[in-house]
Amino acid sequence: MITRPRVTIAHPAALLHWTRIRLFATWRSSCVTLAIVYLAAKLLPPLFDWALLRAVWSPTHAALCRDTRIAGACWAFVADNYRFILFGTFPAEEQWRPALVIVSLLALYALSGFHLLRRPTLLRLWFGELLVIAMLMWGGVFGLTYVENERWGGLTLTLLLSTFGIALAFPLAITLALGRRSGMPLIRWLSIGYIELIRGVPLISVLFMASVMLPLFLPSGVSIDKLLRAQVAMILFAAAYLAEVIRGGLQAIPAQQEEAALATGLGYWDRVRYVMLPQALRIAIPPLVNTFIGFFKDTSLVVIIGLFDFLTSIKVSLTEPTWSGFGVEAYLFAALGYFAFCYPMSRYSQRLERQTGYGTSLRALRDN
Amino acid sequence: MARRLDPRQRAGLCQILLLVALCMAGWYFLTNAVDNLLSRRIASGFGFLWREAGFEIGESTLLSASAADSYLKALTVGLLNTFRVALLASTFATLIGGTLGLARLSPNWLLAKIAAGYVELLRNIPLVVQLFFWYAVITESLPAPAEALNPVPGFYLSNRGLAVPTIVTLLPLQIEHPTLNAFNFSGGVVLSPEFTALFLGLALYTAAFIGEIVRAGILAVDRGQYEAAQAQGLSQGQIMRLIILPQALRLIVPPLTSQYLNCIKNSSLAVAIGYPDLVSIANTVINQTGQAIEGVAIIMLVYLTISLTISAAMNFYNRRIALRGART
């Protein structure tokens with residue numbers, strides 16, 4: 001194997017050369033560099049001062065947050081409310097259960113992302129995980145006390161909404177994507193109508209539909225709880241977007257693949273199952289990850305219909321008299337929380353795009 | 001043994017069965033809805049639109065709605081508010097996004113990294129969180145009107161929102177500056193904290209996506225074009241303006257329009273911070289009248305109309321541009 005000589009920027013001459021070409025190449029570039037350095041020198045120290053040096057960290061000193069002489073960030077808010085933000089109103093002595101759910105979900109996401117296990121094993125694990133989650137969250141078996149789902153909340157709920165949302169939207173999305181390419185006009189038009197309708201309206205209207213309209217369509221006496229209704233809305237919404245991504249994957253398969261499958265005498269469902277879908281889904285993985293990121297961010301919209309997810313927990317914590325007025329800190333923390341999940345996923349999908357070569361036609365030009 | 005149906009008959013049968021199933025499901029839901037509406041004494045139909053709304057809308061520009069006005073007028077004001085914030089946000093997002101796209105391609109390492117950091121940061125945080133954040137910054141961290149920040153002459157930023165000068169007459173140019181009274185501003189236009197937060201959040205968020213589109217569009221222009229222009233002795237600015245951008249625009253415009261669409265759809269998050277856009281007024285209407293089906297239908301119809309209109313306009317533009325491309 002040939003090892004490339006590593007360019008060490010640490011060498012003074014190399015560093016000087018790099019500085020000259022990347023920061024001071026022209027007089028205009030030099031001006032930009034100096035302006036940025038000036039702004040950074042002016043803005044960063046006070047920010048650093050506020051966020052770290054003068055910050056109040058311990059909830060026992062909550063009164064200090066209101067002291068105008070200190071005037072630092074009040075991170076004590078997070079320290080005081082972290083259980084509520086992570087687990088909602090889950091009974092305190094049982095909170096190891098949602099904690100376990102969070103940890104196992106994250107572990108499984110990591111396992112899936114880094115291809116550490118074979119695909120059938122992974123699928124079995126995921127299926128098992130969904131059962132384990134249901135068991136841990138509801139309880140009522142193996143001596144676990146029953147916890148009604150009104151008490152689920154916080155980060156746990158955000159992860160559950162997005163994981164179950166995508167998992168359950170997938171079958172519907174595949175059906176819609178196939179339907180849109182179907183030769184049967186009724187099925188094709190229904191699929192197109194559904195996909196375009198959902199993609200044309202904001203998610204909020206779909207959530208409103210589930211929270212205020214759906215109850216009217218059920219027989220009197222039957223009621224579905226708020227969490228399930230929101231989950232259904234998220235699934236219906238995600239399915240339309242996923243369907244378009246899967247359709248993109250289906251379209252990217254060379255036509256000969258289907259013709260060859262047809263020639264070997266495979267029926268429609270066999271062609272779909274053994275020839276089309278495996279290829280389409282593999283091609284579609286990077287955009288699927290992107291759709292998932294969008295969907296994960298979108299779960300925060302349940303704040304509008306009053307479901308206690310990560311964001312709502314933070315918003316509600318702010319209504320306590322002790323913490324009212326610390327919205328800036330609270331929402332910075334919320335932003336950090338979402339970023340911690342979305343950024344690694346977005347890096348992951350960018351890496352996949354580079355590896356598979358799909359979606360990189362634009363980037364490739366730059367690398368030439 | 002039953003005779004096997006040929007594929008065409010089977011397809012027909014499939015579709016008929018599906019249609020029957022759909023009709024049955026539709027009938028089931030419809031009868032449920034009728035029963036429920038009757039038992040809850042909720043009226044149906046759009047007659048409520050002409051009834052008195054009974055709520056005031058604090059924010060309006062072209063039309064104003066008082067409590068005595070009808071629901072229809074309230075919803076119209078809401079729609080205008082949606083357009084107002086989406087239009088302004090899209091304009092600024094395009095300016096910021098274009099700058100970001102160019103900055104990410106800058107040979108200056110610092111500038112490129114800062115632009116890249118901006119894009120990664122804003123794209124990976126939900127818009128609702130950003131709106132809450134800006135709203136908190138405006139209402140909690142900014143000073144009262146008496147000590148309003150005055151970054152640009154005529155513009156005052158305080159916890160009551162942003163006060164901006166207005167043009168009274170164009171010829172001769174007459175500008176009315178906001179002035180501070182005892183507790184608030186008079187003269188000029190005072191943009192409410194809700195509007196300012198929504199506008200700021202939407203513009204900055206959409207800009208991150210537009211920045212990526214602009215960058216990808218520029219990168220997709222063949223490198224040979226750039227080199228040929230350089231060989232002709234054109235300056236950097238000329239190359240960008242005359243050679244790269246006109247070609248990149250063809251790739252930029254379609255995804256750009258879908259970003260504008262997203263911007264309009266995202267403006268519906270106004271309901272989270274209490275800006276009276278179409279969705280938040282429709283929400284109030286639903287709560288007051290109980291007519292959820294009609295309320296949701298209005299929201300969906302309006303957004304669907306906007307989406308389809310913009311898509312149609314984009315298709316028209318694409319065809320025109322494709323023709324022009326074919327001719328050269």
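Me: How do α3 and α5 of chain B pack, in terms of angle and axis distance?
Reply: In this predicted model, helix α3 of chain B (residues 109-123) packs against α5(B) at about 125 degrees, and their axes are 9 Å apart. That angle makes α3(B) oblique to α5(B).

Me: Is that crossing left-handed or right-handed?
Reply: The crossing of α3(B) and α5(B) is left-handed.

Me: Which residues make the contact?
Reply: From α3(B) you have B:Ala115, B:Tyr118, B:Val119, B:Leu122 and B:Arg123. They meet B:Leu204, B:Tyr205, B:Ala208, B:Phe209, B:Gly211 and B:Glu212 of α5(B). Sorted by class, this contact has eight nonpolar residues, one polar and two charged.

Me: Okay, over to the core. Which residues touch the most other members of the largest nonpolar core?
Reply: That core has 165 residues, and the ones touching the most other members are A:Leu207, A:Ala238, A:Ile246, B:Val128, B:Val129, B:Leu131 and B:Leu198.

Me: Let's take A:Ile246. Where does it lie?
Reply: A:Ile246 is in helix α9 of chain A, which covers residues 226-252.

Me: And why does A:Ile246 count as buried?
Reply: A:Ile246 has 27 other C-beta atoms within 10 Å, and the cut-off for buried is 20 or more.

Me: Which residues does A:Ile246 touch, leaving out those up to four places away in sequence?
Reply: Its partners are A:Ala173, A:Ile174, A:Ala177, A:Ala280 and A:Ala284. Of those, A:Ile174 is 72 residues from A:Ile246 along the chain, with a C-alpha separation of 6.9 Å.

Me: What about A:Leu207, what does it touch?
Reply: With residues up to four places away left out again, A:Leu207 touches A:Ala230, A:Ala233, A:Leu301, A:Val302, A:Ile304 and A:Ile305.

Me: What does the C-alpha trace of chain A span?
Reply: Along its principal axes, the chain A trace spans about 75 × 65 × 40 Å.

Me: What share of chain A is buried?
Reply: Buried residues make up 34% of the 368 residues in chain A. On contacts, taking those with a separation of 6 or more, 63% are between residues 24 or more positions apart.

Me: Back to helix pairs. How do the axes of α10 and α11 in chain A cross?
Reply: The axes of α10(A), residues 255-263, and α11(A), residues 268-298, come within 10 Å and cross at roughly 165 degrees. The two helices are therefore roughly antiparallel to each other, and their crossing is right-handed.

Me: Which residues meet there?
Reply: A:Gln257, A:Glu258, A:Ala261 and A:Leu262 of α10(A) meet A:Arg271, A:Val275, A:Met276 and A:Gln279 of α11(A). By class, that contact has four nonpolar, two polar and two charged residues.

Me: While we're on α11(A), is A:Pro287 buried or exposed?
Reply: A:Pro287, which is in helix α11 of chain A, counts as buried, with 21 C-beta neighbours inside 10 Å. If you want a distance, A:Pro287 and A:Thr33 are 36 Å apart, C-alpha to C-alpha, and 254 residues apart in sequence.

Me: Now the interface. How many residues of chain A are in contact with chain B?
Reply: 49 residues of chain A are in contact with 49 residues of chain B. On the chain A side, the elements giving two or more residues are α1 (12-23), α2 (27-53), α7 (185-200), α8 (203-217), α13 (327-356) and α14 (361-367).

Me: Which element gives the largest share?
Reply: α13(A) does, with 11 residues. By class, the side of chain A that touches chain B has 34 nonpolar, 11 polar and four charged residues.

Me: Last one, about A:Gln350. Which helix is it found in?
Reply: A:Gln350 is found in α13 of chain A. A:Gln350 counts as partly exposed, with 17 C-beta neighbours inside 10 Å. The C-alpha atoms of A:Gln350 and A:Val289 are separated by 9.5 Å, although the two residues are 61 apart along the chain.

Key. Residues numbered from 1 in each chain as written. Chains lettered and ligands numbered in written order. Predicted model: local features only at pLDDT ≥ 70, side-chain atom pairs only at ≥ 80, totals over all residues. Contact = placed C-beta atoms within 7 Å. Helix = DSSP H or I, 4+ residues; strand = E, 2+ residues; numbered from the N terminus. Nonpolar A, V, L, I, M, F, W, Y, C, P; charged D, E, K, R; others polar. Axes fitted to C-alpha atoms, helices over the stretch in contact; angles between N-to-C directions. Parallel < 35°, antiparallel > 145°, perpendicular 65-115°, else oblique. Left-handed = near helix turned anticlockwise from the far one by under 90°. Buried ≥ 20, exposed ≤ 12 C-beta atoms within 10 Å, placed from the backbone. Core = buried A, V, L, I, M, F, W, Y, C linked by C-beta atoms within 7 Å.
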